[in-house]
Structures are given as structure tokens and as C-alpha cells.
Amino acid sequence: ILDAERAVLDELYDANCAPWADAPAGFAWDGATSDASEAAREHEAPSPYCTWWAGRSNATGCLAIPGVDCDDDGHVVRLDLTTAGLRGTLPDSLGELVGLKTLVLANNELAGSLPSLAALVDLDTLDLSNNQLTGALPGCELAKLSAVSASKNDFDAFPDCYFSDLPDLQTLALSDNPRLGVDVAALDVAAATNLARLSLANASVTGSPAALASGSLADLDLSHNALAGALDLDAFLAGLPRLSRLDLGHNALSGAPPTSRGAPALKRVDLSANAFSGALSYDALYALVGDPTVAEIHAELFIDDNDFCGSLDESLEPFASLSEGFLATGNRFACAYGAWVDVDLWGACVARPVVDGVYVVLGAAVSVVFGGDHADDSILIDGDFLDTPDLACRFDGDTRVAATFLSATSISCPLP
């Protein structure tokens, strides 16, 4: 190892390890899982002691330094100190390891902003996940980067040039950075032609993902954000033809179920805790995860806590047995469940109101047009109508709802 680069590692040890290196005899960290989100569920809690490079004074070559690889010229090309118990602010000299291709500092307690890494032009893999780092992520001068993982930190600046200026980028995982603040409509994901995974869960992402498109993306996680508005799932999935996993859970998106399988490889979908609505059909769920009877697809589907409604047809039964999980509770499915319906998976049904009389209201005019029980979500009413903002239906009990003008002889009203 070159003397100058050995000096950098010495400084890194002195600043980020030595003060916490007094582990008791026999100490071994069990790597307990941290409180990371689903997107970062593989992260481990940091060790309470620094366990890197015990017996440093006896290390005379690259092979004697844990987590370090060098090339034939003595340059450090790999530095992997995952779960090593590092703490504090990284020294500026880290940016002098100009031969680095892999830098992994995940699962530690590093804090503060990053030193400049602009000189690490050969860097291919950067993993800073599960620390307490702040400020800006590295810039786009690191043009050889193929994987950037910085989930579970406190970064607050996102270089949008990552998509256009990093041609080899395959993985961008920045979940659990709640101050990142990204407008999803501004992400030029289509320009990153090799990007396979994009994870921005719990990163204060706003806007609508409707225009997001990519011919390479296989894994997309935008869950636990502030996405909002209507989303045409058919058009959205058609723009992501290689997608195999989609997580849009815990946002404020709305729209109808899809009708066609625009992403043929898609098999893991989470749309939970949004405002998607409409009746479910076999075709709609097939569009999301494919054939539920093919055990090998390892599919999962979570559509709980939305506004899906209507009757549950028996053709939906196989989806409840997806190998990786299924949940549809918290919706408004009509009662008269079949014996196959598992309430723990589909939730309690919603009884439809008994309608004793429906009146059409047009200005001051009121006329009785319907009487009797009804089990649908809306009532189709025939008659003679004018297309006017005053058009409404009034149910017994004086509940009034706006009517939808369909034609001069037909209107519809949703049941209250």
C-alpha cells in the first residue's frame, strides 16, 4: 500500500474508530435489525464499538488491513467498513484515495457532511446507507458510478444530473432521507438507460408519477411520500415495461384499477393507503401481478386502505393465496360475501343503504322516480333531463348528491 494512502487510513482510524475501540473481551455484534423502512429493511443496527483494524500497529501491508484491497501499484481500490462501529465526521483526506472503485461505509454512525469525493473518478460503488450523514450527496463528476446507496441518512440535496450524467448507473437507493425533497415530475428517469432500481421511499417526494417512464427500471419504490392526484395505472405501467416490483403505498394517489398488463414482469405491487377506487375484477388484479395460480412467480399484492368497492367475484379467490402475501382490507366491498372470502384478507364488507325513494332535483322541481332496495354503488335513472349544474338526486332523509348527466334521457347518482 502506498505510504500516502496508508496515512489516509490511519487518519480515518484515528478520527472515526479509535475513540470507540475499547470493546470488552469477547465482544461480538449480533447485527440486530434497525428501525429502517421496508425499503431499507436489510440494514443492520450499528455496532456500539469500533471493531475495525484491531492490532493496527502490526499491519504492514494492504492484506493486513481489514476491509481493504489494493491494486498492484499500491492504490486502495476497495474500502468496505460495513457495521464496523465508525462514528463522527469523515476526514477530508478520504477524498485522496484516488484509486477507489468501491467505498462501503454502511451501518455505522457517521455524521456531518461528506468530504469532497470529486477526485475518486474511478468510483463504481458507493454505499453510505444507515448512518447520520447530512448535506448534499456526491456530485456527477463521479461518472463511473453504477450503484449509489445512501438510504437512512439525513441528506437534503439531490443532484438531478444523476439520471443524465451517470451513464452506467443501475441502482439509486435514497430512501429514508426525509429532508431530500424531490419533485417526481422533475426526475428524468428515462435518460438513465441502465437504471434498474430506484428507491425514494420516505424522502419527501411530491407531485405525480404519471409522466415517469423508463425502459430499464425493474424496481421502483416511491412509498411513504406525498405523491398526489389521479394516476392512470394502464398508461403508467405501459411506460415501465420491465418493472417487476412497484411500491406506491402510503401516498394520496387516486384512479381506477388497471385493465391491461402493461408491465409483463410485474409481480410485487403495493398500492396500500392511497385513494384508488372502483370495482375489482380478475383482469384488474391480473394486470398488476399476473396469473395467481403460477406458484413460481413469487407474487405479492397489497391494496389495503383504499376505496375499492363492488362485489367480490369468485374469480378473485386465487389472488388471496399469492406466495409472498396479499391484503385488501380497509376498502368498501359489497356484502353478500361468498364462502371463499377470508375477512382477515379482504376486510369487513359494507352494507348498501336501503333506498325507499329517490327524487330528481332540478331547480325547485322535485319528482319521485325510484323506490325499493338497491345494492349497486349508483343508480341509473331514465327520464327527460337537462344538462345543468342544478341536477341532483335527493334520497330519503334529505341526503342530496350531485347527479351525472349522461344524456337527455339518462342520469346517474352515487348512493350516499
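1. N131 is buried in this predicted model, with a relative accessible area of 7%, where buried means under 20% relative accessible area, exposed means over 50%, and partly exposed covers what lies in between (1.4 Å probe, protein chains only). The residue sits in the loop between β6 (125–127) and β7 (132–136); here and below, helices (H or I, at least four residues) and strands (E, at least two) are DSSP runs, numbered from the N terminus. Residue numbers start from 1 along each chain as its sequence is written, and side-chain values use heavy atoms, with hydrogens and water left out. Because the model is predicted, local features need pLDDT of at least 70 and side-chain atom pairs count only at pLDDT 80 or more, whereas totals for chains, interfaces and linings use all residues.

2. The surroundings of N131 can be described atom by atom. Its side chain reaches the backbone nitrogen of N108 at 3.4 Å, and a polar atom of that side chain lies 3.0 Å from the backbone oxygen of L128. A polar contact is a pair of N or O atoms within 3.5 Å; within protein, one must be able to donate a hydrogen and the other to accept it, and residues adjacent in sequence count only if both atoms are side-chain atoms. If neighbours within four places in sequence are left aside, N131 is in contact (heavy atoms within 4.5 Å) with L105, A106, N107, N108, E109, L110, K152 and N153.

3. N107 lies in the loop between β4 (102–104) and β5 and, at 7% relative accessibility, counts as buried. N202 likewise has a positive phi, near 50°, in a residue other than glycine; it is found in the loop between β12 (197–199) and β13, but at 30% relative accessibility it counts as partly exposed.

4. Twelve strands form an open sheet with mixed pairing, in the order β1-β2-β4-β6-β8-β10-β12-β14-β16-β18-β20-β22, two strands being taken as paired if DSSP finds at least two bridges between them. The edges are β1 (68–70) and β22 (326–327), each with a single partner strand, so one side of each is left without a neighbour in the sheet. Within this sheet, β16 (residues 245–247) and β18 (residues 268–270) pair in the parallel sense over three bridges, and L246 stands opposite V269 in β18. Helix α4 (residues 282–289) packs on the sheet, touching β18 and β20 (300–302), and its direction makes about 120° with that of β20; axes are lines fitted to C-alpha atoms, for helices over the stretch in contact, and angles run from 0 to 180 degrees between N-to-C directions.

5. A further open sheet has four strands in the order β3-β5-β7-β9, with parallel pairing. Its edge strands are β3 (87–88) and β9 (154–157), each of which pairs on one side only. Two bridges join β3 to β5 (residues 109–113) in the parallel sense, with G88 opposite L110 in β5.

6. At 1.5 Å a residue, the 14 residues of α1 (residues 3–16) should span 20 Å, and its end C-alpha atoms are 20 Å apart, which agrees; the expected span is 1.5 Å times one less than the number of residues. E5, R6, V8, L9, D10, L12, Y13 and N16 of α1 are buried, and the buried residues of the helix pack against β1, β2 (76–80), β3 and β5. In the loop between α1 and β1 lies D22, which is exposed, with a relative accessible area of 58%. D22 and T51 are 29 residues apart in sequence and 8.7 Å apart in space, C-alpha to C-alpha.

7. Confidence should be kept in view when reading these points. The mean pLDDT (the predictor's confidence in each residue, from 0 to 100) of the protein is 88, and 88% of its residues reach 70 or more. Confidence is highest in β16, at a mean of 98, and lowest in β25 (residues 365–370), at 58. Over residues 34–41 pLDDT stays under 50, and the model has 20 contacts beyond four places in sequence for this stretch.
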